[in-house]
Amino acid sequence: MKIKKPSLSFWQIFNMNVGFLGIQFSFGLQQTAVNPIFSFLGAHHEDLPLLNLAGPVTGLIIQPIIGAISDKTWSPRWGRRKPFFLIGALIGSLCLFAFPFSPTLWFAVGLLWILDVGNNMAMEPYRAFVGDKLPNNQLSFGYQMQSLFVGAGIVLANASIFLFQDWFGTSETVTETASSIPNWLYYSFFIGAVLSVSTILWSVFKTPEIPPSEEELESINKHNALPLLDRIKTPFLEITDAIKDMPKFMWKLAAVYLFQWYALFIYWQFISPMFEESMGFDKSQALSQAAKMNTTYNISTIIFALALVPLALKWGGKKVYVSSLFLTGIAMLSIPHIQNPNMVLIPMILFGIGWAAMMGIPYSMVSKIVPQERRGVYMGILNMMIVIPMGIQTITFGPIVKNLLNNSAVNAILLGGIFFVIAGFLAFRLQEPKPIIE
């Protein structure tokens, strides 16, 4: 017998998603500050994609496995999903404290791998957590609230970068050398380390999880009674079976995600180097400008995230999602052609609308069509569709930018814009399936 989920108030949904603020602050630092740190420590343009291999690989391995394990977990005291994103937040916090002290490039790359393990361990159960708690008619609102916190966390991360650079960076030399991470960058990582844990604890203590039904509890207890080797094999079997049974909608979404997330990874890796090329900035100035760009689009995300809910209800999630991809493509295609540091922020409003839709609407659509008892593993598979394009990008884009794009960060950003337009056309193929009644 299915458990009837009560409708939650605005503040209950708000409290449920506060933990995403800390996770996304960490993600914001990865978007904006990690690649410049690699550059400070001696990395070249063509090295950046491969140095970011940690994100795709850990996401591909960690997220579906943690999703499958959490589906088979229940503790009356700690719940089903909360233990995983709490442990992930602790791992991430320790890495953020250590990151700015990286003495060499290999040390920073190693920390990124561990940080990504923690972030992925926290991220996937959080997606399933929202689906577990909310009835179908509140899923769009729940995931768009999560999208709002995505924007808020990244805004705070990027704002801290350019504000600290402005306040504390003036006394440092203008031209940076290898193995020299600016002192002003340390403070952003320290703030992220505190937020990573504190915001997760807020959601853990404010939001109780719904106990499993008798049938689910029986299945969980049966699984826990298995020999250790069988319990270890179970997540991998669950993932394999879930992929075999995956709805056609998710296969079509995977094609969209291939171009969408390939393009996003290009943007995060090359927006800072692009300003060195297009505006002649030094590394600190380029990092500060990239932080302003990312702050602007995430402020736009905060403003438009909840506004997209009634639009999705009126026109359907597909139309809003398709429009968002085209808007993001227009933004990326226009950025390299604008030479004014203030005017170049304007396209980021469109980018922010797209980011708000991308971080909410696909999760809402998928959550409605997958069974409750497999929601964790399917959210993990959905995130596999994110990290596989990122993995392809990290392996392929170094040679592409070096040999086909004249080692130009400007050309890289333009190619990313084209890929977003392609993703928009592929999204026309999506047909919103009927939701499973819970």
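**Stop 1: α2 against α11**

Select helix α2 (residues 19–40) and helix α11 (residues 248–278); their axes come within 9 Å and cross at roughly 45°. Helices here are DSSP runs of H or I with at least four residues, and strands are runs of E with at least two, numbered from the N terminus. Axes are lines fitted to C-alpha atoms, for helices over the stretch in contact, and angles run from 0 to 180 degrees between N-to-C directions. The angle makes α2 oblique to α11. Angles under 35 degrees count as roughly parallel, over 145 as roughly antiparallel, 65 to 115 as roughly perpendicular, and the rest as oblique.

Now show side chains. From α2, Phe-27, Gln-31, Asn-35 and Pro-36 make the contact; from α11, Trp-268, Gln-269 and Ser-272 do. Contact means heavy atoms within 4.5 Å. The set divides into three nonpolar, four polar and no charged residues. Ala, Val, Leu, Ile, Met, Phe, Trp, Tyr, Cys and Pro count as nonpolar, Asp, Glu, Lys and Arg as charged, and the others, Gly among them, as polar. The crossing of α2 and α11 is right-handed. A crossing is right-handed if the near helix is turned clockwise from the far one by less than a right angle, and left-handed if anticlockwise.

**Before moving on: confidence**

This is a predicted model, where local features need pLDDT of at least 70, side-chain atom pairs count only at pLDDT 80 or more, and totals for chains, interfaces and linings use all residues. Residues are numbered from 1 along each chain as its sequence is written, and side-chain values use heavy atoms, with hydrogens and water left out.

Colour by pLDDT, the predictor's confidence in each residue, from 0 to 100. The protein averages 84, and 95% of the residues score at least 70. Confidence is lowest in helix α3 (residues 48–51), at a mean of 77, and highest in α18, at 95. Select residues 172–179: there the pLDDT is below 50, and the stretch has 14 contacts in the model beyond near neighbours in sequence.

**Stop 2**

**Stop 3: α1**

Which residues of helix α1 (residues 10–17) are buried? Select Ile-13, Asn-15, Met-16 and Asn-17. Buried means under 20% relative accessible area, exposed over 50%, and partly exposed in between (1.4 Å probe, protein chains only). Their cover includes α2, α6 (105–133), α7 (136–168) and α8 (186–206).

**Stop 4: Lys-292**

Go to Lys-292 in helix α12 (residues 283–305). Lys-292 is partly exposed, at a relative accessible area of 33%. Not counting residues up to four places away in sequence, Lys-292 touches Phe-162 and Leu-345. Phe-162 lies 130 residues apart along the chain, yet the two C-alpha atoms are separated by 6.8 Å.

**Stop 5: the α17–α18 loop**

Finish in the loop between α17 (375–403) and α18 (409–427), at Asn-406. Most residues other than glycine have a negative phi. The phi of Asn-406 is positive, near 60°. Asn-407, also found in the loop between α17 and α18, has a positive phi of about 55°. Exposed or partly exposed? Asn-406 is exposed at 66% relative accessibility, and Asn-407 is partly exposed at 32%.
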